[in-house]
Amino acid sequence: MKKIVLIAVAFLMVSACKTNPFTGKSTLNFYSNSQMFPMAFAQYDQFLESNKVVKGTSEAEMIQRVGQRIASAAERWLDANGYPGYLKDYKWEYNLVQDETVNAWCMPGGKIVFYTGILPITQNETGVAVVMGHEVAHALADHGAQRMSAGTLQQIGAVAGNVAIQDPEKRNIFNQAYGIGSQVGVMLPFSRSHETEADRIGLQIMAIAGYDPSEAAELWKRMKAKSGGQAPPEFLSTHPSNDTRINNLTAWAPAAKQEARKFGVTSFK
């Protein structure tokens, strides 16, 4: 059994290499688009069927318009940087859902939802572009598949430990320590790194789409005010702290504008 577990881990690690076009780095990803996208598309459709999708309003039309501009900007960047056809399997969709939750999310393959509860924070089209850029970036960087891959390794590690440790008491201690350690020491930092990466990629593509990346930090200042300081400590969170995001976005905005200039974008809304 030990050998089987080790062989499985070795096989997964060898097959895990996929390059993130925006960073040039290899990523932990065992799952292809052909595996991930059909599942995501089906789950997205089920979600829409069981929730109130807002149609025909100026806000719903804004979500569609911004999403299309951001996705088009991403494709322009990918084509210009040697990744033509990267988005061929993506099926972009942008829906506004009636819900007071202050959130938006994206499924693999480009299926995006904005809740109406986030619109008072975004305030305008540029604010929507900040959030949309972030969500589109998650799809571009295959973060959903990477999270599933990390979860698979976490499960294999637990199985390996339970196989290796025969004593029941020691096994219980291992399971408790492994559960906490792998979550706080590995999974949560992994998730935070994805959020930071999506912030940076999103800033770049919103600028190429003609939206002012300087507004990203302003949005997160509003998000911080909305939270009222109730967020958990960063090391126990799936997301970077508001202050970390504000500082990062402020620092990255000039480079995002510079990248946009390569595509002829010199003014921003």
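Reader: What makes Lys269 and Glu125 a salt bridge?

Author: A salt bridge needs a side-chain nitrogen of Lys or Arg within 4 Å of a carboxyl oxygen of Asp or Glu. The side chains of Lys269 and Glu125 meet at 3.3 Å, N to O, so the pair passes that rule. The two residues are 144 apart: Lys269 is in the segment after helix H9 (242–261), Glu125 in helix H5. Helices (H or I, at least four residues) and strands (E, at least two) are DSSP runs, numbered from the N terminus.

Reader: What kind of model and numbering is this?

Author: The model is predicted: local features need pLDDT of at least 70, side-chain atom pairs count only at pLDDT 80 or more, and totals for chains, interfaces and linings use all residues. Residues are numbered from 1 along each chain as its sequence is written, and side-chain values use heavy atoms, with hydrogens and water left out.

Reader: Why does Glu125 count as buried, and Lys269 as partly exposed?

Author: Buried means under 20% relative accessible area, exposed over 50%, partly exposed in between (1.4 Å probe, protein chains only). Glu125 has 13%, so Glu125 is buried. Lys269 has 44%, so Lys269 is partly exposed.

Reader: Which residues join Glu125 and Lys269 in a network of salt bridges?

Author: Arg65 and Arg69. Glu125 and Arg65 meet at 2.9 Å, N to O. That pair links helix H5 (residues 125–140) with helix H3, 60 residues apart. Arg65 is at 37% relative accessibility, so Arg65 counts as partly exposed.

Reader: How do you know that Glu93 and Lys111 form a salt bridge?

Author: Their closest N and O atoms are 2.9 Å apart. Glu93 lies in strand E4 (residues 93–97) and Lys111 in strand E6 (residues 111–115), so the pair ties together parts that are 18 residues apart in sequence. Lys111 is buried at 8%. Glu93 is partly exposed at 24%. By the same rule, the count comes to 11 salt bridges.

Reader: What makes Lys111 lie over the face of Phe41?

Author: A charge sits over a ring if NZ of Lys or CZ of Arg is within 6 Å of the ring centre and within 35 degrees of the ring normal. Lys111 is 4.8 Å from the ring centre of Phe41.

Reader: Why is the pair of Phe22 and Trp77 called stacked?

Author: Rings of Phe, Tyr and Trp (its six-membered ring) pair if their centres lie within 6.5 Å; planes under 30 degrees apart count as stacked, over 60 as edge-to-face and the rest as tilted. Phe22 and Trp77 have 4.4 Å centre to centre and 15° between the planes, so the pair is stacked. Phe22 is in the loop between strand E1 (17–19) and strand E2 (26–28), and Trp77 is in helix H3, 55 residues apart. Both are buried: Phe22 at 14%, Trp77 at 6%.

Reader: What makes Phe47 and Trp105 edge-to-face?

Author: Their planes are 80° apart, with 4.9 Å centre to centre. Phe47 is in helix H2 (residues 33–49), Trp105 in strand E5 (residues 104–107). Phe47 is buried at 18%, and Trp105 is buried at 17%.
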